[in-house]
Amino acid sequence: MDFKQVIDSRRAVNFFDTKQDVPDTLLRQIIDMAAKTPSSFNLQPWSLIALRKPADKQRLEKLAMNQTKVSEAPVTLIVLGDRKGWADGNPFVEKNFQEMIKAGSTSEEGRDWYAKARKNLYGGSENTQLAFACKNAGFFAMALMLAAKSLGLDTHPMDGFDHEGVRKEFKIPDNYWIPLLIAVGYFDASKDLLPPKWRKTADEILVSFEN
């Protein structure tokens with residue numbers, strides 16, 4: 001499947017085949033593909049909680065406006081964006097810096113610059129920290145859905161859920177924001193697939209605010 005086919009065929013499906021599982025090896029392949037997503041300073045401030053057990057998915061469904069696809073999909077992902085993924089003390093911040101040294105793009109003498117740049121860009125306020133987390137996690141989530149489609153899977157992103165309820169139910173630390181949930185599986189072919197929704201054209205998307 002070429003990229004245009006992936007883009008054209010990816011849909012947010014509402015019904016999943018409850019008899020067709022997503023093997024862990026396939027899920028990991030999708031995640032590894034999505035991990036190639038670009039991110040701010042390559043900090044990759046995203047994580048996933050993968051729910052497979054029916055009881056766990058039902059717990060989530062109750063907090064997600066009782067959307068049955070949460071439980072019907074073989075895997076439902078809670079996407080996390082780390083609002084502190086830029087800060088000193090985060091293990092991936094240090095790992096990224098060490099990888100930059102290995103690649104020859106910086107040296108140990110650049111540590112102070114690296115810290116100041118991260119703080120100035122992402123740590124200035126609660127708004128910038130939230131934007132950092134959501135922006136990067138959103139990149140990753142979209143890449144994950146496209147990766148899934150390229151391997152024959154279907155998905156449905158959801159933002160209709162009780163954010164704080166999900167955080168408490170699954171003991172998610174406060175530094176994480178939950179931008180969305182993603183159901184992953186195979187479309188239930190016994191159901192009708194609704195036609196694609198309209199999309200803005202390039203002319204409608206391109207804007208200018210200058211006189």
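Helices (H or I, at least four residues) and strands (E, at least two) are DSSP runs that are numbered from the N terminus. The model is predicted, so that local features need pLDDT of at least 70 and side-chain atom pairs count only at pLDDT 80 or more, while totals for chains, interfaces and linings use all residues. Residues are numbered from 1 along each chain as its sequence is written, and side-chain values use heavy atoms, with hydrogens and water left out.

**Exercise 1. Describe the salt bridge between Glu 164 and Arg 167, including the accessibility of each partner.**

Step 1. The closest N and O atoms of Glu 164 and Arg 167 are 3.3 Å apart.

Step 2. Both residues lie in helix H8, and because they are three residues apart there, about one helical turn separates them.

Step 3. Glu 164 is partly exposed, with a relative accessible area of 40%, whereas Arg 167 is buried, with a value of 5%.

**Exercise 2. Characterise the linings of the largest pocket and the second largest pocket.**

Step 1. On a 1 Å grid over the protein atoms alone, a pocket is an open set of points where a 1.4 Å probe fits, with protein on both sides within 12 Å along at least five of seven lines, and lining residues have an atom within 4 Å of a point. Grid points are joined across faces, edges and corners, and a volume is the space filled by probe spheres set on the points.

Step 2. The largest pocket has a volume of about 540 Å³, and among its 19 lining residues Arg 10, Arg 11, Ala 12, Lys 197 and Arg 199 lie nearest its centre. The elements that give two or more residues to this lining are helix H1 (3-9) and helix H7 (126-150).

Step 3. The second largest pocket holds about 410 Å³ of space, and of its 18 lining residues Leu 43, Gln 44, Trp 46, Ser 47 and Phe 92 lie nearest its centre. Strand E1 (46-51) and helix H5 (91-103) each supply at least two residues of this lining, and H5 gives the most, with four residues.

**Exercise 3. Determine how strand E3 is enclosed and paired.**

Step 1. Four of the five residues of strand E3 (residues 154-158) are buried, so this strand is largely enclosed by the rest of the structure.

Step 2. Two strands pair if DSSP finds at least two bridges between them. E3 pairs with strand E4 (residues 176-185) in the antiparallel sense over five bridges, and Thr 155 stands opposite Val 184 in E4.

Key:
A salt bridge is a side-chain nitrogen of Lys or Arg within 4 Å of a carboxyl oxygen of Asp or Glu. Buried means under 20% relative accessible area, exposed over 50%, partly exposed in between (1.4 Å probe, protein chains only).
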